[in-house]
Amino acid sequence: MPIFSRISGLVHQIFFAALALLMAFPFYWMVTSALKTNDEIWRSPPTLWPEVPLWGNFAAAWNEAPFARYMGNSIFVAVSIVLLQSINSGMMAYALTHMKFRLKGVFAGVILFGYMVPATAVYLPGYLVLSELHLLNSYAGLILSNCVSIFSIFLIRQAFLQVSHELVEAGEVDGASHMRILWTILVPVTRSSFAVLALITFIDQYNNYFWPMLITKDPSLQLVSAGLRSFFVEGGAYGLKWPLIMAASAFTIAPLLLVFLLAQKTIMQSVNMTAGSSKG
């Protein structure tokens, strides 16, 4: 049995290592293609590592378009939306899980119905509302139209349901307000879920393409996805300069990798603390 268990464990490790390499290979291919010439990228059989790495392709791509502005715009919009969604989702989830009020079930049902509506179905009404509010072609319109997410509410709601209601009642006995109970008791206990929410929302908004393109026309407001498309057309010469396109794609995902590493650490610490408190 011990030998069988070791062999089974080794097979599992090899399988997951191969799966991880398979998922990481597109990123490796993108980065190494940025170091090749155009002819070497299309050579058959392909080369796994460039014969002469052209590190200057990254600088050339960076200088071809205002990527610093594109990335700064995307980070500003994504961080703003993450903060607003975290606050709104926390308050909504708290009301749905630990507060008593009339028509609470109907309210939860309306939110659940909203989760079933495709995002593209609300593009036209959302565009008309922003037009009436004179918020088109502005960061305010882009951020406010994404400040509430049904997915985020349900994600935090599920986390709050795992917290004993006795903790909330203890806070109420001590005279704490609902806001104080929410931010000093529930949020610290469920911070791993908030970290997941922040990670998913940041990646989603950083890569958002269609909706920002629909409501913003000013080139100075372009996000990184629209900027990459413009670079593909102009700097990349409609795909003729693949090394520069690959280089631009590689350094524009750097903020996503950084956020993932930061969120991963927070999630692991929270999981360890939760496991420790459960054992205690």
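Trainee: Is Phe231 buried or exposed?

Mentor: Phe231 counts as buried, since its relative accessibility is 2%. Buried means under 20% relative accessible area, exposed means over 50%, and partly exposed is in between (1.4 Å probe, protein chains only). Keep in mind that this is a predicted model, where local features need pLDDT of at least 70 and side-chain atom pairs count only at pLDDT 80 or more, while totals for chains, interfaces and linings use all residues. Residues are numbered from 1 along each chain as its sequence is written, and side-chain values use heavy atoms, with hydrogens and water left out.

Trainee: How many aromatic pairs are there?

Mentor: The structure holds 16 aromatic pairs. Rings of Phe, Tyr and Trp (its six-membered ring) pair if their centres lie within 6.5 Å; planes under 30 degrees apart are stacked, over 60 edge-to-face, and the rest tilted. Take Phe67 and Phe231: their ring centres are 5.2 Å apart and the planes are at 70°, so that pair is edge-to-face.

Trainee: Which helices do Phe67 and Phe231 lie in?

Mentor: Phe67 lies in helix α4 (residues 67-98) and Phe231 in helix α13 (residues 224-233), so the pair ties together parts that are 164 residues apart in sequence. Helices here are DSSP runs (H or I, at least four residues), numbered from the N terminus. Phe67 is buried too, with a relative accessible area of 0%.

Trainee: What about Phe202 and Tyr206, how are their rings arranged?

Mentor: Those rings have centres 5.8 Å apart and planes at 20°, so Phe202 and Tyr206 are stacked. The two are 4 residues apart in helix α11 (residues 191-206), about one helical turn. Phe202 is buried at 6% relative accessibility, and Tyr206 is buried at 1%.

Trainee: Which residues do ring pairs link into a cluster?

Mentor: Trp62, Phe67, Tyr70, Phe231 and Phe251.

Trainee: And which members of the largest nonpolar core touch the most other members?

Mentor: That core has 21 residues, and Ala61, Phe67, Phe202, Tyr206, Phe231, Ala248 and Phe251 touch the most other members. Helices α4, α11, α13 and α14 (242-252) each supply at least two residues of this core. The largest share, 7 residues, comes from α14. By a nonpolar core I mean a set of buried Ala, Val, Leu, Ile, Met, Phe, Trp, Tyr and Cys residues joined through side-chain atoms within 4.5 Å.

Trainee: OK, switching to the surface. What makes the nonpolar patch?

Mentor: Leu112, Phe113, Tyr115, Met116, Val117, Val122, Phe151 and Ile200 make a nonpolar surface patch of about 740 Å². Patch residues have over 30% relative accessible area and no salt bridge, and nonpolar side chains (Val, Leu, Ile, Met, Phe, Trp, Tyr) are joined within 5 Å. A salt bridge would be a side-chain nitrogen of Lys or Arg within 4 Å of a carboxyl oxygen of Asp or Glu. Helix α5 (residues 104-116) gives the largest share of the patch, 4 residues. Phe151 is in helix α8 (residues 150-161) and counts as partly exposed at 32% relative accessibility.

Trainee: Where is His134, and what's its phi?

Mentor: His134 is in the loop between α6 (123-132) and α7 (139-144). Its phi is near 60°, a positive value in a residue other than glycine. His134 is exposed, with a relative accessible area of 71%.

Trainee: Last one: which peptide bond is cis?

Mentor: The bond from Ser44 to Pro45 is cis, with omega near 0°. Pro45 is in the loop between α2 (38-41) and α3 (56-64).

Technical notes
Patch = residues over 30% accessible without salt bridge, like charges linked within 9 Å, V, L, I, M, F, W, Y side chains within 5 Å. Areas by Shrake-Rupley, 256 points an atom, 1.4 Å probe, with all protein chains shown as cover.
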